[in-house]
Amino acid sequence: MPKIKNKKKDTYFLKLSNKLSEINQFLTYPNPCVGAVLVSKNKNRIAFTGKGGSPHAEYKLLKNEKNIQNGKLYTSLEPCSHRGKNPSCVEIIIKKRINTIFTSCRDFDKRVFENTEKILKNKGVKIYYYNKICEASSNHNFSCKNRIPYVSAKIAISNDNYTKHKFKRLFTSNEALKFAHLKRYQADSILIGKNTLNDDNPKLNCRINGIEKNICKFLINPNLDIKSYIFKNNFLTNSYIFHESKDLKKIKKANKNFRLIYFKFNQLHASLKILKKIYELGYKKLLIEGGANTLQRFMDANLVNELNIVKNKQYFNKHGLKSLSKIIKPKKMSLIETILLEDDSILIYKAKNVYRYN
Ligand SMILES: NC(=O)c1ccc[n+]([C@@H]2O[C@H](COP(=O)([O-])OP(=O)(O)OC[C@H]3O[C@@H](n4cnc5c(N)ncnc54)[C@H](OP(=O)(O)O)[C@@H]3O)[C@@H](O)[C@H]2O)c1
């Protein structure tokens, strides 16, 4: 690998490209959001991936440029080398005669991994990998390497650790609700268990003013036990349901509103296989929103990367149901941040070790 010169300036532009990758970070699925900076003798420019994943940052940056002199490109993730819905970034980089690329990390998408470097080398373009941490790229790489989505989970509990109150449906503050919607915004898919579906009849959408975002909904419901009012909930239309029902009447009825995935729950690594299926469908960041039983299964299988507990100050005492006490095992999770709100605290845990593909 060639020796790196003028490191400070390069680090500055790389960090800038990482910052740019945050702008559309949660709006470019299934593609990662990439930040790109062009530095040349006659012009400097910036770009980032467009909403919905197009155009790619490097393409947007270079397509209208003419006569770039001594061009250096800085990117938060190495440029892609395949043609899909978007043209290959490597092709435009070669066409526009960029001679050096500095990038924060490799792309573990199998269509890119090691191909980009090979093609660029053959054309005499130097590429330097700096291993700078970029959140948008590392989330993307986690799912590409492990072929499952990055999993974040959110659950609300009372001060005495109950996830459900006998009589009240919602028990956290409006501020905590905003946090919940932020978590939805930061994911491309959401999953709940069958009791949450039937008890709460939820919308599962992202309700943040000014943000329109489609988040794909996954429901786990082994026997297709769906209450009649769920069929009237338009927000859930086209959700995927994992089930193993053989009841043709239930299947026919559910098929009208939902997309059914037949799945054998009684198999080894069932929860992992659910995640693999979600990844195959193109989703890379999943939010598990409960209830306790569903969360427990994914936690036990070491599949939750990040757990967000919204702890309310009320005690439920004898009205408390579904305790969360046994879910967090300190050996497996570390508390990394606490956010204090007026009536709730948000405890953010990260897993010490999660499932890794090998
Ligand atoms: N506090 C909160 O943040 C929060 C969040 C969501 C829900 N809730 C409340 O909690 C209650 C529901 O919680 P819950 O624990 O009773 O039920 P749940 O988690 O909604 O559903 C549990 C059921 O889903 C199926 N399931 C889920 N994951 C599975 C997996 N990986 N493999 C196989 N089956 C799986 C199982 O069905 P089978 O039993 O048929 O196998 C399981 O019994 C609701 O009343 C809701 O109001 C609270």
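## Contacts around F218

Two residues are in contact if their C-beta atoms, placed from the backbone, lie within 7 Å. In this predicted model, F218 is in contact with S189, I190, L191, S239, Y240, F242 and I278, leaving aside its neighbours within four places in sequence.

F218 also belongs to the largest nonpolar core, which has 51 residues. Along with V151, I155, L286, I288, L295 and V304, F218 touches the most other members of that core. Strand β6 gives the largest share of this core, 6 residues. In soluble globular proteins, nonpolar side chains tend to be buried together.

## I220 in strand β9

I220 is found in strand β9, residues 216-220. I220 counts as buried because it has 25 C-beta neighbours inside 10 Å, and the cut-off for buried is 20 or more. Not counting residues up to four places away in sequence, I220 touches L191, G193, K194, F242 and T294.

L341 is 121 residues from I220 along the chain. The C-alpha atoms of the two are separated by 32 Å.

## The ligand shell

The ligand is surrounded by 26 residues. The closest are G193, N195, G290, G291 and N293. Helix α7 provides the largest share, 5 residues.

By class, the shell holds 9 nonpolar, 10 polar and 7 charged residues.

## The five-stranded sheet

An open sheet of 5 strands runs in the order β2-β1-β3-β4-β5. Its pairing is mixed. The edge strands are β2 (44-48) and β5 (126-129), and each pairs on one side only. On average, neighbouring strands of this sheet are turned by 15 degrees against each other, direction ignored. Strands of a sheet pair through backbone hydrogen bonds, either parallel or antiparallel.

Strand β1, residues 35-39, pairs with β2 in the antiparallel sense over 5 bridges. L38 has R45, in β2, as its bridge partner. Helix α1 (residues 7-20) lies across β1, β2, β3 (72-75) and β4 (100-103). Helix α1 runs at about 145 degrees to β1.

## Cis peptide bonds

S54 and P55 are joined by a cis peptide bond, with omega about -15 degrees. P55 lies in the loop between β2 and α2 (57-62).

The peptide bond from G290 to G291 is also cis. Here omega is near 5 degrees. G291 sits in the loop between β12 (285-288) and α10. Both G290 and G291 are among the residues closest to the ligand.

## Positive phi outside glycine

N70 is not a glycine, yet has a positive phi of about 55 degrees. N70 lies in the loop between α2 and β3. N70 counts as exposed because it has 12 C-beta neighbours inside 10 Å.

K322 is not a glycine either, and its phi is positive at about 55 degrees. K322 is placed in strand β14, residues 320-323. With 17 C-beta neighbours inside 10 Å, K322 counts as partly exposed.

Notes. Residues are numbered from 1 along each chain as its sequence is written. This is a predicted model: local features need pLDDT of at least 70, side-chain atom pairs count only at pLDDT 80 or more; totals for chains, interfaces and linings use all residues. A residue is near a molecule or strand if its C-beta atom, placed from the backbone, lies within 6 Å of it. Helices (H or I, at least four residues) and strands (E, at least two) are DSSP runs, numbered from the N terminus. Ala, Val, Leu, Ile, Met, Phe, Trp, Tyr, Cys and Pro count as nonpolar, Asp, Glu, Lys and Arg as charged, and the others, Gly among them, as polar. Two strands pair if DSSP finds at least two bridges between them. Axes are lines fitted to C-alpha atoms, for helices over the stretch in contact, and angles run from 0 to 180 degrees between N-to-C directions. A nonpolar core is a set of buried Ala, Val, Leu, Ile, Met, Phe, Trp, Tyr and Cys residues joined through C-beta atoms within 7 Å.
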